Amino acid sequence: AGAEYVLVISEGLAAAIGAGLPIAEPNGTMVIDIGAGSTDIVIISLGGINDIETVRCGGDDIDARIVELVADKYDVAIGIHDAEAAKMEVGMVHCSETLENLSIEIIGKSMETNRPKKVVIDSMLVADAVEPIIQQIIDGLNIILERLSPELMMGVYNNSVAVGGSSRLRGIKERIFDEVAIPIEISPDPMTVVAKGTAIVAA
């Protein structure tokens, strides 16, 4: 391809750098990277990856579940991009906090008449769609925490961040804390943090 210099870097490490986490310290940091097709849970210490657990589900699976639930509940077929838009607009995760139930109108195709039909998607429907995916992510967190050394626990407790588009779902950090007792911060720019980290390394 003509490239004179190639730098290969883990997505999780790039995300941690882009998020400004103290990756060079020995105490440990954790990145939960919820991508489109998979979720990587990465433990970083002394500037390198200490451990990684990959969960084979992500934002695309949530979108597909929303399409399925709308079809089952309303007999309306909606597009995958409309499902993603609804997820980002009103989406939330079931958690111990009381969150506002928002709603959005989508025009889909009636499965009975094949004509346009308006359907209302609310936060509770999205939370139901998210539930099996967030449970797999929680399972992955439990696995990696079981392997985590005591020396890294304090660092992970104090320096953990979630990135990726679906990390913006309301209630996700509360749900993770409910399940595994680790405080999680949501990156303010979850869609670009990996690119920013890569740019910092390449500079």
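## Helix α1 and its cover

In helix α1, Gly12, Leu13, Ala14, Ala15, Ala16 and Ile17 are buried. Buried means under 20% relative accessible area; exposed means over 50%, and partly exposed lies in between (1.4 Å probe, protein chains only). Helix α1 covers residues 11-18 and is mostly covered, with six of its eight residues buried. The cover over these buried residues includes β1 (29-34), β2 (39-45), β7 (160-163) and α7 (193-202). After α1 comes Gly20, which has a positive phi near 80°.

This is a predicted model: local features need pLDDT of at least 70, side-chain atom pairs count only at pLDDT 80 or more, and totals for chains, interfaces and linings use all residues. Residues are numbered from 1 along each chain as its sequence is written, and side-chain values use heavy atoms, with hydrogens and water left out.

## The protein as a whole

The protein has seven helices and eight strands. These are DSSP runs, numbered from the N terminus: helices are H or I with at least four residues, strands are E with at least two. The C-alpha atoms fill a box of roughly 60 × 50 × 25 Å along the principal axes.

Of the 203 residues in the protein, 44% are buried. Take the contacts between residues at least 6 apart in sequence: 61% of them join residues at least 24 apart. A contact means heavy atoms within 4.5 Å.

## Where α1 meets α7

Two packed helices are described by the angle between their axes and the distance between the axes. Helices α1 and α7 pack at about 85°, and their axes are 7 Å apart. Axes here are lines fitted to C-alpha atoms, for helices over the stretch in contact, and angles run from 0 to 180 degrees between N-to-C directions. α1 and α7 are therefore roughly perpendicular to each other. The cut-offs are under 35 degrees for roughly parallel, over 145 for roughly antiparallel, 65 to 115 for roughly perpendicular, and oblique for the rest.

From α1, the contact uses Glu11, Ala14, Ala15, Ile17 and Gly18; from α7, it uses Val193, Val194, Lys196, Gly197, Thr198, Ile200 and Val201. By class, the contact of α1 with α7 has seven nonpolar, three polar and two charged residues. Ala, Val, Leu, Ile, Met, Phe, Trp, Tyr, Cys and Pro count as nonpolar, Asp, Glu, Lys and Arg as charged, and the others, Gly among them, as polar.

## Where α2 meets α3

Helix α2 (residues 59-74) and helix α3 (residues 80-90) have axes that come within 8 Å and cross at roughly 105°. α2 and α3 are therefore roughly perpendicular to each other.

Gly59, Ile62, Asp63, Ala64, Ile66 and Val67 of α2 meet Ile80, Ala83, Glu84 and Lys87 of α3. The residues of this contact divide into six nonpolar, one polar and three charged.

Helix α4 runs over residues 123-147, which is 25 residues. At 1.5 Å a residue, α4 should span 36 Å, and its end C-alpha atoms are 35 Å apart, which agrees. The expected span is 1.5 Å times one less than the number of residues.

Glu131 in α4 marks a kink of about 40°, shortly before the proline Pro132. The bend at a residue is the angle between axes fitted to the seven residues ending there and the seven starting there.

Asp75 is not a glycine, yet its phi is positive, near 55°. Asp75 sits in the loop between α2 and β4 (76-77). Asp75 is partly exposed, with a relative accessible area of 34%.

Ala181 also has a positive phi, near 65°, in a residue other than glycine. Its place is the loop between α6 (172-180) and β8 (185-186). Ala181 is partly exposed, at 40% relative accessible area.
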